[in-house]
Amino acid sequence: MEYINELCRIIAGINEKKIEEMAESILESDTIYVIGNGGSMATAQHFSQDLLKCCGLRAIALTNISEITAFANDLEYRKCFSSLETLCRDKDCIFCITTSGESENLIYILERFFDSGTKILSLVGRDNSTIERLSDISIVLSTDKIRQAEDCHHAICHAIVETIERTKR
């Protein structure tokens, strides 16, 4: 029960206004690129498919393992999402999902787009992270509990999709 109690505590603290702001930013974007590592990458893939299927938006999760490992191997790991430097344009959006907010590869690519005109949105588990500071809009869960953070990130993504669906009706 401790797991569920902590999950409920975190969910109760989510700022619903930021969910609406994120939905609005996504709707204003041409293409939404979704990134994350590990379990957050799985959430990124699910979220991008929901945006595409349910909302009719151009959404792409950077989950192609061949592409990611080619950049990581041929350049260096922190540059594994460098394809965004070629793909991403000014009216696009990068949506970053991370429990720590301190992953070197995510920081590296977001720094390339900071103050560029590309919107940066993020879901972060911990307070005062580098990724939170690099983001135009960030929902921070204020927890170091990775599993609960991942579950909350997934719920937030579903809430964003539902908000967009309501807006588009």
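Helix 2 and helix 8 are oblique to each other, a class that takes the angles left over once those under 35 degrees (roughly parallel), over 145 (roughly antiparallel) and 65 to 115 (roughly perpendicular) are set aside. The model is predicted, with local features requiring pLDDT of at least 70 and side-chain atom pairs counting only at pLDDT 80 or more, while totals for chains, interfaces and linings use all residues. Residues are numbered from 1 along each chain as its sequence is written, and side-chain values use heavy atoms, without hydrogens and water.

Helices are DSSP runs (H or I, at least four residues) numbered from the N terminus. Helix 2 (residues 16–28) packs with helix 8 at an angle of about 60 degrees, the axes lying 9 Å apart; axes are lines fitted to C-alpha atoms over the stretch in contact, and angles between N-to-C directions run from 0 to 180 degrees. The crossing is right-handed, that is, the near helix is turned clockwise from the far one by less than a right angle. In contact (heavy atoms within 4.5 Å), Ile19, Glu20, Met22, Ala23, Ile26 and Leu27 of helix 2 meet residues of helix 8 including Ile156, Ala159, Ile160 and Thr163. This contact comprises nine nonpolar, two polar and two charged residues.

Helix 3 (residues 39–55) packs with helix 8 (residues 146–168) at about 10 degrees, with axes 10 Å apart; the two helices are therefore roughly parallel to each other. Helix 3 also passes helix 8 in a right-handed crossing. Among the residues that meet are His46, Phe47 and Asp50 in helix 3 and His153, His154 and Cys157 in helix 8.

Methods: Nonpolar A, V, L, I, M, F, W, Y, C, P; charged D, E, K, R; others polar.
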